[in-house]
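Here is a short briefing on one protein model. Keep the structure open as you read.

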Amino acid sequence: MSKKVQVAVIGSGPAGYTAAIYTSRAQLETTVFAGYQSGGQLMFTTEVENFPGFPEGIMGPKMMMQFRVQAERFGTTVVDMHVTAVDLSARPFKIWTSLPEGTDPQKLNDMTTEQQQELEAKIKSAEPEYLADSVIIATGASPIKPGIPGEAELSAKGVSYCAVCDAAFFKEKETYVLGGGDSAMEDALALAKFAKHVTVIHRRDAFKASKIMQDRVLSHEKISVLWNTTLEEIIGTQKVEQVRVKNTQSGEEQTLPAEGVFIAIGHRPQTSLFVNQIELDQHGYVVTCQSASEAGVAKAQAALEDGLVTYPSMTSVEGVFAAGDNVDVRYKQAITAAGQGCAASLDAERWLERNSSE
Ligand code: NDP
């Protein structure tokens, strides 16, 4: 038989656990679906120095364990399973966590759309494991990893996906940023405050980033650009020591000394579960009145025409809220995700008071 919960939080990063701390303290029966590895992106970082309350810094995995313990202290149930399907078309919302026998969870991301649809239909032919009065989506976003030789091996050993988080560890170091969008510009500028030098590696002869960000980068004395260049390999044993780059026009390769490599080629929100169920923008981010994107601003404007926005973190489906990096195209910080988790939980609590289902 399906288990009934008042609040189902899908995702276990700072947004998910903060939401759960709040809803549990508000005496709402809360279940966090943590995935196979609880804790989200911070499980892959080393030291976190910019989360207030930890003046000496704290290791990312330790911090996420503390988030979990704090949520459990107030009664949150943490289920260490992935949500495999949801049905948000009617209340209570349906949540599945099982996979048909013989399905390899490692291969889910490699499936074609048809294979995914077939699998979803199979999962949904069984009774859902959970029914939820409200849902908070906090599934996050992950940095796109290009899979360059040496990248995975040297991750957190000089390879980073977040300059705002890690730039301060690269004082007076020789650093590289891969990418040509606003994230790459922002990372290059953040790094230039600390590093000896920053070289942006971009595959084309023009940046995609906004003009103002490009101008800042191009006029910065500590930043240079390798145009029409691809990053072929990151070399090092215990830490990053060199990068091998290739000019796409001449085919010429160079091996250059390096101590840090920042990959900034975009993020992918983890929202495939919700396609065709709630409104997503063209990049797959969940749209709420708080989304710092065109779709979010349009939604907020439309809502404001009827007066104040009652539930800013609510998605296009009543009773389904969203928080953290799956909504946030811009900031993607642990502290902003935690703040959004808090906001979503307060919205969910208020909405449940007014709309509790029998
Ligand atoms: P984008 O998708 O905008 O840019 C990605 C960049 O990475 C592009 O230059 C792209 O190259 C390059 N790239 C993609 N794949 C590869 C690859 N495999 N190898 C090498 N290079 C690759 O992502 P961003 O994260 O920069 O930005 C996402 C959104 O967030 C944008 O809308 C942006 O404006 C916004 N943003 C805003 C900020 C701000 O306003 N402060 C800060 C950060 C982001 P190519 O140009 O050839 O396509």
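Gln-333 counts as buried, because its relative accessibility is 16% (buried means under 20% relative accessible area, exposed over 50%, and partly exposed in between, with a 1.4 Å probe and protein chains only). This is a predicted model: local features need pLDDT of at least 70, side-chain atom pairs count only at pLDDT 80 or more, and totals for chains, interfaces and linings use all residues. Residues are numbered from 1 along each chain as its sequence is written, and side-chain values use heavy atoms, with hydrogens and water left out.

**Around Gln-333**

- Gln-333 sits in the loop between β19 (320-322) and α8 (334-355). Helices (H or I, at least four residues) and strands (E, at least two) are DSSP runs, numbered from the N terminus.
- Leaving out residues up to four places away in sequence, Gln-333 touches Asn-50, Cys-162, Val-164, Cys-165 and Asp-325. Contact means heavy atoms within 4.5 Å.
- A polar atom of the Gln-333 side chain lies 3.0 Å from the backbone oxygen of Tyr-331. A polar contact is a pair of N or O atoms within 3.5 Å; within protein, one must be able to donate a hydrogen and the other to accept it, and residues adjacent in sequence count only if both atoms are side-chain atoms.
- Met-81 is 252 residues from Gln-333 along the chain, and their C-alpha atoms are separated by 24 Å.

- Helix α5 is largely enclosed by the rest of the structure, because eight of its 11 residues are buried.
- Among the buried residues of α5 are Met-185, Leu-189 and Leu-191.
- The cover over the buried residues of α5 includes α4, α6, β11 (174-178) and β12 (197-201).
- Ser-183 also belongs to α5. Ser-183 counts as partly exposed, at 37% relative accessibility.

**The ligand**

- There are 14 residues around the ligand, and Asp-182, Ser-183, Glu-186, Arg-203 and Arg-204 come nearest. To be near, a residue must have a heavy atom within 4 Å of the molecule or strand.
- A ligand oxygen is 2.5 Å from an N or O atom in the Ser-183 side chain.
- For the side chain of Arg-203, an N or O atom is 2.9 Å from a ligand oxygen.
- Gly-181 takes part through its backbone: a polar atom there is 3.3 Å from an oxygen of the ligand.

**The second largest pocket**

- The second largest pocket has a volume of about 170 Å³.
- Its lining has 14 residues, and Ala-163, Val-164, Ala-190, Lys-193 and Phe-194 lie nearest the centre.
- That lining divides into nine nonpolar, one polar and four charged residues. Ala, Val, Leu, Ile, Met, Phe, Trp, Tyr, Cys and Pro count as nonpolar, Asp, Glu, Lys and Arg as charged, and the others, Gly among them, as polar.
- On a 1 Å grid over the protein atoms alone, a pocket is an open set of points with protein on both sides within 12 Å along at least five of seven lines, and lining residues have an atom within 4 Å of a point.

**Backbone angles**

- Most residues other than glycine have a negative phi, and most peptide bonds are trans.
- The peptide bond from Arg-91 to Pro-92 is cis, with omega near -5°.
- Phi of Asn-276 is positive, near 70°. Asn-276 is exposed, with a relative accessible area of 78%.

Conventions: On a 1 Å grid over the protein atoms alone, a cavity is a set of points where a 1.4 Å probe fits but cannot get out, and a pocket is an open set with protein on both sides within 12 Å along at least five of seven lines; lining residues have an atom within 4 Å of a point. Grid points are joined across faces, edges and corners, and a volume is the space filled by probe spheres set on the points.
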